[in-house]
Amino acid sequence: MRAWGSNAFLLLFVFARTVYGFGGGCECKATGDPHYHTCDGVTLQYQGACAYNLASTCSHGSKDDRFIGFRILIKNKHPINQEDVSYARAVKVDFGKRTIYMDTAGNFKVDGQVIHDGDLPYESKRIIVNKHSEGGMERLVFMTDLGFKVTLDITRNERGDVIADIPPWYKNAGLCGLCGNWNDNPHDDYATKDGTIVENLSQPIRDALIADSLHQHDPELDLQECEETLANSPYTANTCTDDQLQQAQKMCDLDNRKPLKKSFKSCRPVLEEDGINYGGYIGACEYAYCSGIGHGKSTANLGACTVLKSLSDQCTEHGSKAKKKWKKKLKCFHLF
Ligand SMILES: *[C@@H]1O[C@H](CO)[C@@H](O)[C@H](O)[C@H]1NC(C)=O
């Protein structure tokens, strides 16, 4: 049933645009292979192939949302034979009580119901979905009456680009995800999900830490072969001196260092059985340590600790919680 005629919808859209001036909104983008442009102007880049929280109200799913709660999940995948890049393949938007799914094959679903091309533009209770083809571009668009808009550009087939237009009233309202918190401070966009600021680590490890922490399970989007970046990149710790490298190796020795070995003892086989490259975290941890050492030992430590925390989160996700001992023993205080 169409609750709204398209004219009414358009009028309200124009009205909202006039009153609120969408110029003050955030245009957050995941484009290219992919580059993420946050609301506060930071660019992040990583090549994980999982589902991630692109942007959401932090209180999404609870009753605390001041405005209509939302969450935009993006599913990334490697193109065939190109493990070193990933592209958006699908987007799922929860907006209030509505759920909109769209993918690079050109499919739409609204609240689980398939929307056929013949039914476009599809309008229902203050939302609209539509396909636009012009000038060789092909785009799927989801829009609400008050200027919230998510575009999936499928011009390049399986190499989707995503643009989220978020209206101005969400600024400083508590946003989470790869688009950042939108508080006019670019520095704290370099933060993992739990709020650890990793801005002074070097780019690949910094962005991988942020993105992996924002990996989100979703039955509709999750891939069997979800591949996180941290465990799967061939990191080499080339910014350490020999002495520093020894410290890194000691800090990150998941195989032999007692508190680590013990804490992850029961989790390790579970991860390995699920195809997670446990050993990959050793390299990532050493790399993170060395990538922070230029800013001093505490930044180096923070890098290593954050990678280990990410491993520990993996354990929790895979149903085998790691023991907490390592945090205290390795002085990972910021993670308590
Ligand atoms: C990063 O480094 C800069 C310059 O050394 C410093 O001002 C800033 O506080 C550091 N950020 C963090 C989170 O440690």
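Predicted model: local features only at pLDDT ≥ 70, side-chain atom pairs only at ≥ 80, totals over all residues.
Which residues in H2 meet which residues in H8?

Residues are numbered from 1 along each chain as its sequence is written.

The protein is assigned domain 1 (8-217) and domain 2 (242-335), with bounds that come from an automatic or database domain assignment. The C-alpha centres of domain 1 and domain 2 are 31 Å apart. Across the boundary, 10 residues of domain 1 are in contact with 13 residues of domain 2, a contact being two residues whose C-beta atoms, placed from the backbone, lie within 7 Å. The side of domain 1 that touches domain 2 comprises four nonpolar, five polar and one charged residues. In this classification, Ala, Val, Leu, Ile, Met, Phe, Trp, Tyr, Cys and Pro count as nonpolar, Asp, Glu, Lys and Arg as charged, and the others, Gly among them, as polar.

Helices are DSSP runs (H or I, at least four residues), numbered from the N terminus. The axes of helix H2 (residues 203-213) and helix H8 (residues 297-317) come within 11 Å and cross at roughly 30°; these axes are lines fitted to C-alpha atoms over the stretch in contact, and angles run from 0 to 180 degrees between N-to-C directions. H2 is therefore roughly parallel to H8, a term for angles under 35 degrees. Their crossing is left-handed, meaning that the near helix is turned anticlockwise from the far one by less than a right angle. To return to the opening question, Ile205, Leu209, Asp212 and Ser213 in H2 meet Gly303, Thr306, Val307 and Ser310 in H8. This contact contains three nonpolar, four polar and one charged residues.

H8 also packs with helix H7 (residues 280-292), at an angle of about 155° and with the axes 6 Å apart. H7 is therefore roughly antiparallel to H8, the term for angles over 145 degrees. The crossing of H7 and H8 is right-handed, the clockwise case. Among the residues that meet here are Ala284, Cys285 and Ala288 in H7, and Gly303, Thr306 and Val307 in H8. The contact of H7 with H8 has 11 nonpolar, five polar and no charged residues.

Finally, the ligand is surrounded by Ile197, Glu199, Asn200, His295 and Thr299, each with its C-beta atom, placed from the backbone, within 6 Å of the ligand. This shell divides into one nonpolar, three polar and one charged residues.

Definitions and conventions
Helix = DSSP H or I, 4+ residues; strand = E, 2+ residues; numbered from the N terminus. Parallel < 35°, antiparallel > 145°, perpendicular 65-115°, else oblique.
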